[in-house]
Amino acid sequence: MKTIVINRAIKYRIYPNEDQKDLINKTFGCVRKVYNMGLELQQGLHTADMKSMSRNELNQFCNHVWKDELEYLREVDKFALTNSLFNLSNAFKNFFDKKGRYPRFKSKKDHKMSYTTNATNGNIAVERTGTKCGRIKLPKLGWVEACIHRDPEPGAVLKNATISMSQSGKYYVSILFAITVEAASPVMPDIKKTLGLDYSSPLFYVDSEGCSPEVPHAFRRVEQRLAKEQKRLARMVKGSKNYEKQRLFVARLHERASNQRKDFCHKESRKIANSWDTVCVEDIDLRAMSGTLRLGKSTMDNGFGLFRGFLQYKLEEQGKHFVVIDKWYPSTKTCNHCGAYDPSVQLGQKEWTCPQCHKVLRRDPNAARNIRDEGFRTIKRRMEDIRLAV
Ligand SMILES: [Zn+2]
């Protein structure tokens, strides 16, 4: 029996006491401090035309030089500092591999408050004490009160924990577990069990059956509210008492919208992954797929990338297929009935008539069916290659 190891994270809300809060906030600061010191150091080396430090050298430098200079660095979790420097090294690596921009200094104002610590010798533990209550043990902090809404799977091995604070001042810990599972044998693709999804802005998606998901009303409500309150915030005097109050309020709305969106994406992807064997999507613009909220855009739009990610792992863990078709495949301008290509189809056009077979085609379902068929051809080819290679 073949087994594979998969990583799965669970995010818990934690309720630190005042002392624990102090230490967590201090750690956020120290993590930012060493990141910025590391960045300055590497920058200095680069301008002097010298070789940059490896991540281990940076870490040694932190342990032997910075910790002597700045005593307070010793008070916080050492893994948090190491991970921060490793993150910096990764940022540089991405930059040199042309996959990211040059690392920037982190400021207290515009950066996410978080740090990651590693699991060793039982320094991190999750314990349930009631239906939803419990506690989580974290390095330096000891036991922190927590809401245990979900138990880790039996046999899951704890890897690391990321402690974070949201904009509205709530604390969370996301714990990464490694789980060994039996590898599902690959399902043979079948066109009857293949679904195509065409990304569509107000509807989220239109599938090859012509259906769209039902986006809960509550969503739209929070969204509209968010837009309104955001506008109010923009009109307020920065730094004033009212501004601060409004900022917190907007941050809470953002959190609520983001939670609703995540919940929706989980449910929708579960439904599809259980009823279909192969799901095909287009390779769309990465910006539209990002999981973060952007102003002026529907929160659902920003969730499509999240949704695709959930869908992929939910299919693959069952030996099913998630197929991304080529970005240049003309899914909207090809007739699904006869295969004719019509370059005159416009972006905003909802319907068009095929010049060859004269069928009236609805834009989105037609595109979704083309995505399904092209994806099916791709997966068949891929499976054939695997079979030939064995
Ligand atoms: Zn046609």
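Visitor: Which elements each supply at least two residues of the lining of the second largest cavity?

Guide: Rolling a probe the size of a water molecule over the atoms shows where empty space is left. A cavity is a set of points, on a 1 Å grid over the protein atoms alone, where a 1.4 Å probe fits but cannot get out; lining residues have an atom within 4 Å of a point. Here, strand E8 (194–200), strand E10 (278–282) and helix H8 (304–316) each give at least two lining residues to the second largest cavity. E8 has the largest share, three residues. Helices (H or I, at least four residues) and strands (E, at least two) are DSSP runs, numbered from the N terminus.

Guide: This is a predicted model: local features need pLDDT of at least 70, side-chain atom pairs count only at pLDDT 80 or more, and totals for chains, interfaces and linings use all residues. Residues are numbered from 1 along each chain as its sequence is written, and side-chain values use heavy atoms, with hydrogens and water left out.

Visitor: Which residues line the second largest cavity?

Guide: Its lining is Leu197, Asp198, Tyr199, Val281, Glu282, Ile284, Phe304 and Arg308. The space is about 30 Å³. A volume is the space filled by probe spheres set on the points, which are joined across faces, edges and corners.

Visitor: What is the volume of the largest cavity?

Guide: About 50 Å³. Arg8, Ile10, Arg150, Pro152, Glu153, Ala156, Phe177 and Ile179 line the largest cavity. Strand E1 (3–15) and strand E7 (171–182) are the elements giving two or more of these residues.

Definitions and conventions:
On a 1 Å grid over the protein atoms alone, a cavity is a set of points where a 1.4 Å probe fits but cannot get out, and a pocket is an open set with protein on both sides within 12 Å along at least five of seven lines; lining residues have an atom within 4 Å of a point.
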